[in-house]
Amino acid sequence: MNIKKRFIVALIATAAANMQILAQMLPYQNPNLSSSERADDLIGRLTLEEKSKLMMDQSPAIKRLGIPEFHWWNEALHGVGRNGTATVFPITMCMAASWNDALLQDVFTAVSDEARAKNQEAKKSGKLKRYQCLSFWTPNINIFRDPRWGRGQETYGEDPYLTSKMGLAVVRGLQGPENSKYRKLLACAKHFAVHSGPEWNRHSFDVQQLPARDLWETYLPAFKTLVQEGNVAEVMCAYQRIDGEPCCGNNRFEHQILREEWGYKGLITSDCWAIRDFYDKGCHEVSKDAAEASATAVRAGTDLECGSAYKALPEAVKRGEITEKELDKSLKKLIMARIELGDFDNDSLVEWTRIPSSVVACKKHKQMALDMARQGTVLLKNNGLLPLDKDAKIVVMGPNANDAEMMWGNYNGTPTATMTILDGIHNYQPEARFIRGCGHTRNSDSLRVSDIIYAVRDADIVVFAGGISPRLEGEEMKVNEVGFKGGDRTDIELPKKQRQLLAALHDAGKKVVLVNCSGSAVALEPEISSCDAILQAWYGGEQGGTAVAEILFGDVNPSGKLPVTFYKNTQQLPDFEEYKMAGRTYRYMKEQPLFCFGYGLSYTTFEFGTPKYNAKKGVVTVEVTNTGKRDGDEVVQVYIKRIADTEGPNKTLKAFKRVSLKAGEKKVISIDFKRGNFEGWDPEHNVMRVVAGKYQMMVGNSSRDCDLKTIEVKVK
């Protein structure tokens, strides 16, 4: 028999064997059937008790049916979190400051590579634990309306459009290409809806009488984008109530808006122990017990619970508070999601299982973390001191200078190594001295201020790495420090001890660079006078110290832009518990902030020409010139305002593009801007739509009026 005949015989034999295997399979095991068909078959084989167990985040194995264990709760906020070694990228707020959604998608493609590889390792060990499976509860696309919210560091800033674009990049990086047979991971848009602090009362707070405009024009657009354009697999409902109903039991939001109006087909998960808030004393207290609360949540649309209340679902069925058929409807979404991951199929069929363990914390991913830290660091002030002279006598000071854990942010993984700010500076100046000076909120050294001033008497420059820390701000934390409460801040000022030390250094005639590390805006009005330069470094991830040093010494030209407003002081903020947007963010603020949304300096300068809009082609063009002596990146930002809409926002971001220009180079930048980009709130008809009429179109490099060139366009 020749080789060709042998090959044909082998193919026939293989096909026959495969057909025999498929014939012996039950329908839910058959990879050739649709996920819907497979889910229907499996649900028909489950008991009521098994169904309730599969509707909880720690879903046990159903051994009699060959269903593996699955943990829905996993973290990947800025790298695989809480699961050992991983690349730790900068916090999301820093990545938002890059205004580079293409790089962000690359970052989360790297994150999903590491997640898949680590899942395979866990499966081979035979011991799956929480944080080791394939459902990841990120991105956090809540609008960061108030800088006092400690979890704001997890978001992509205060603007609906920027948040939408960055959130979409995260989902696409995590879930993989839409045309793949199997999903790479499941991403989750959270927290639906409106949530943005405070942390301390989130289990009982009720958002009431929120203007329809604020809901639809500010709080909901990012969720709608991720549902309709990103096909996001999961949506997480928030803790608080809206108009009296808990978000995880809110029929209007989960059923009417999410599913009926937006056509969402994925699953809804509760935030952790949010269902318990329905009946716990001191919380929402809208249900009498776990059975009633669970029935209310499932009937509203919450398919999966993080917690243990859904153990009572069989009791709720027996009491007639919900039917088993209603449970099946929710359970089907969960089973389909697992099937679409390949969780029930042989690994050989799933392309993502072949990603090697060597990708975890690999050189390529570390370089990506560095690139993102470089692009997300924002230069706020520079009186000419920066870049630093590499021969200057430098003293490094401050509570964040030599703090590796601060660099990691929250919901983090564990890096193989971390470059602190001090490490980064020592790469340029090994002899630079370090004097901590003070802690975040208290004096940490035995030295008095006068002693510190004396100790730096010979220094040309003091680099002060200050600000706050993830140990002070974050999710529902116990912090006993002035200015902080429950993970949030009660004011946004730089802590007093740091402010006093910076003022003393200035009074002593020292040139000072403040490297501010924080998850959000810090009020730095006094520091404008006491510091010669201010660099906003956020929590920069495992490579953040290198990025800071490269910028300080001029090897990297800063290009980050603020994704949030930096207010002058706490007094510029409305009540933290007020969810109305009036007076908040660049879109509704009447006063001048310290640093505006979209702002960020460079070591070069850029000049914008007058923009042009071609409605027929749906394109904005503007000439941008690098008028300085260094190559640099600029972010072209496009804002609009409907002229007749006097009650609307001051302006609203609707497009942006990051561009690179060499020294002296001039480019005509084209940005897609379709008719749909003009969508906004129509107060006459109470709906989001494109309203015909005259608009101001503003193009420039920040939201500040003086940084924008304005033209008038007419929309038909």
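This is a predicted model: local features need pLDDT of at least 70, side-chain atom pairs count only at pLDDT 80 or more; totals for chains, interfaces and linings use all residues.
The structure holds 2 disulfides. A disulfide is a covalent bond between the sulfur atoms of two cysteines. Counted along the chain, the bonded cysteines follow the pattern 1-2, 3-4.

Cys237 lies in strand β5 (residues 234-237). Cys248 sits in the loop between β7 (245-246) and α9 (251-261). The pair therefore ties together parts that are 11 residues apart in sequence. The torsion about the S-S bond of Cys237 and Cys248 is about 105 degrees, so this disulfide is right-handed. Both Cys237 and Cys248 are buried.

The other disulfide is formed by Cys272 and Cys306. Their sulfur atoms are 2.1 Å apart. This pair links distant parts of the chain, 34 residues apart. Cys272 belongs to the loop between β8 (267-270) and α10 (290-300). Cys306 belongs to the loop between α10 and α11 (313-318). The link of Cys272 and Cys306 is right-handed, with 80 degrees about the S-S bond. Cys272 has a relative accessible area of 6% and is buried, because buried means under 20%. Cys306 is buried as well, with a relative accessible area of 0%.

A disulfide requires sulfur atoms within 2.5 Å. Cys247 is buried, with a relative accessible area of 3%. Cys517 counts as buried, at 1% relative accessibility.

Helix α9 was then considered. At its start, a side-chain oxygen of Asn250 reaches to within 3.2 Å of the backbone nitrogen of Arg252. The buried residues of α9 are Phe253, Glu254, Ile257, Leu258 and Arg259. Seen down the axis of α9, these buried residues fall within an arc of 160 degrees, so they line one face of the helix. An α-helix has 3.6 residues a turn, so residues three or four places apart point the same way. Gly263 follows α9. The phi of Gly263 is positive, near 75 degrees.

An open sheet is formed by 6 strands, in the order β9-β16-β15-β12-β10-β11. The pairing is mixed. Strands β9 (378-382) and β11 (433-435) stand at the edges. Each has a single partner strand, so one side of each is left without a neighbour in the sheet. From one strand to the next, the twist averages 20 degrees. Strands of a sheet pair through backbone hydrogen bonds, either parallel or antiparallel. Strand β10 (residues 394-397) pairs with β11 in the parallel sense, over 3 bridges. Val395 stands opposite Arg433 in β11.

Notes. Residues are numbered from 1 along each chain as its sequence is written. Side-chain values use heavy atoms; hydrogens and water are left out. Helices (H or I, at least four residues) and strands (E, at least two) are DSSP runs, numbered from the N terminus. Buried means under 20% relative accessible area, exposed over 50%, partly exposed in between (1.4 Å probe, protein chains only). The arc is that of the directions from the helix axis to the C-beta atoms. A polar contact is a pair of N or O atoms within 3.5 Å; within protein, one must be able to donate a hydrogen and the other to accept it, and residues adjacent in sequence count only if both atoms are side-chain atoms. Two strands pair if DSSP finds at least two bridges between them. Axes are lines fitted to C-alpha atoms, for helices over the stretch in contact, and angles run from 0 to 180 degrees between N-to-C directions.
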